[in-house]
Amino acid sequence: MIATAIVIGLVGSATLAMQTVPELILFRERLVLSVLQLDSDAKLHPFDYATQDGLTLRSWYRAPAPGRPVIVYFPGRIGDLVKKPSHLFDLAEDGYGLLLAGYRGYGGNPGRPSETHLYRDAAGLIAKLAVEDMAPDGTILYGYSMGTGIASYAAAQSRPRALILEAPFTTFADAVRQQAGRAPVWLVRTQFDTRSRISEIDVPILLLAGGQDGITPASFAEKLAALNEKFASLYIFKEAGHDDMFAYGAWEKVTGFLDQFSLPELFPDLVGGTAEAAPLETPAP
């Protein structure tokens with residue numbers, strides 16, 4: 001009886017580990033504050049999307065000025081809609097459209113996050129932008145940390161004008177190994193496998209990495225850049241960590257990258273050419 005109980009306990013513990021290792025790392029800290037509490041002149045409006053499984057998820061949207069694309073921002077795992085994207089509000093004040101993607105289970109949204117659901121929700125969000133003509137001059141997908149896995153998926157499945165990946169990882173399994181050494185691969189069900197799809201993305205890609213980042217080290221971004229040399233540009237900020245690249249020059253790299261996607265006849269003070277806006281396609285889940 002005792003031996004049987006021990007076996008049952010071990011099996012139960014292993015099953016729990018298989019179910020929770022990715023979620024404990026990725027989803028344990030969730031955004032609880034409303035973005036309406038942020039102090040910015042760039043006012044955002046609710047943008048609600050009905051998912052395939054019957055949820056209504058709230059994101060936040062600001063319309064673009066004529067000739068400007070909409071930046072679709074996929075945040076990381078720790079509520080960085082409050083902590084991180086002040087630079088995005090500055091871009092919005094300069095006329096770029098902005099859509100802060102609200103994840104299921106975050107910021108008061110219903111549901112539980114998972115890789116599959118986050119992919120499907122991102123695809124539906126981008127499709128709604130296109131159907132409702134809310135990004136007439138196209139989109140630029142922007143992912144930070146965990147959000148880079150979602151942004152890269154959406155970029156490979158649709159046709160944005162560009163992709164920005166800040167603090168990206170190659171795969172989530174690689175990020176787990178970075179933190180936990182030789183973690184058994186079978187424990188990591190969540191993939192967020194940017195490495196396998198970055199070569200499929202045929203639009204300009206900006207990769208930003210911190211030289212002191214111990215969570216998603218710059219070597220991850222270097223590997224991604226090497227897989228798409230035609231379209232990828234890589235900048236490593238030697239003194240930066242995981243979440244402070246904008247204190248070390250990332251702002252200039254991002255704005256310089258974005259300048260090429262503004263129509264010069266509408267913004268003659270900007271340097272750079274015109275990039276044709278590609279039509280968005282509805283990606284398959």
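I looked up the sheet first: in this predicted model, 8 strands form an open sheet of mixed pairing, in the order β1-β2-β4-β3-β5-β6-β7-β8, where strands are DSSP runs of E with at least two residues, helices are runs of H or I with at least four residues, and both are numbered from the N terminus, and two strands pair if DSSP finds at least two bridges between them. I noted that β1 (45-50) and β8 (232-237) stand at the edges with a single partner strand each, so one side of each lacks a neighbour in the sheet. The twist averages 20 degrees from one strand to the next.

I then checked β3 and β4, which run parallel and are joined by 4 bridges; V70 stands opposite G97 in β4.

Helix α5 (residues 146-157) lies across β3, β5 and β6 and runs at about 150 degrees to β5.

After α3 comes G95, with a positive phi near 115 degrees.

For the record, residues are numbered from 1 along each chain as its sequence is written. Local features need pLDDT of at least 70, side-chain atom pairs count only at pLDDT 80 or more, and totals for chains, interfaces and linings use all residues, while side-chain values use heavy atoms, leaving out hydrogens and water.

Conventions:
Axes are lines fitted to C-alpha atoms, for helices over the stretch in contact, and angles run from 0 to 180 degrees between N-to-C directions. Contact means heavy atoms within 4.5 Å.
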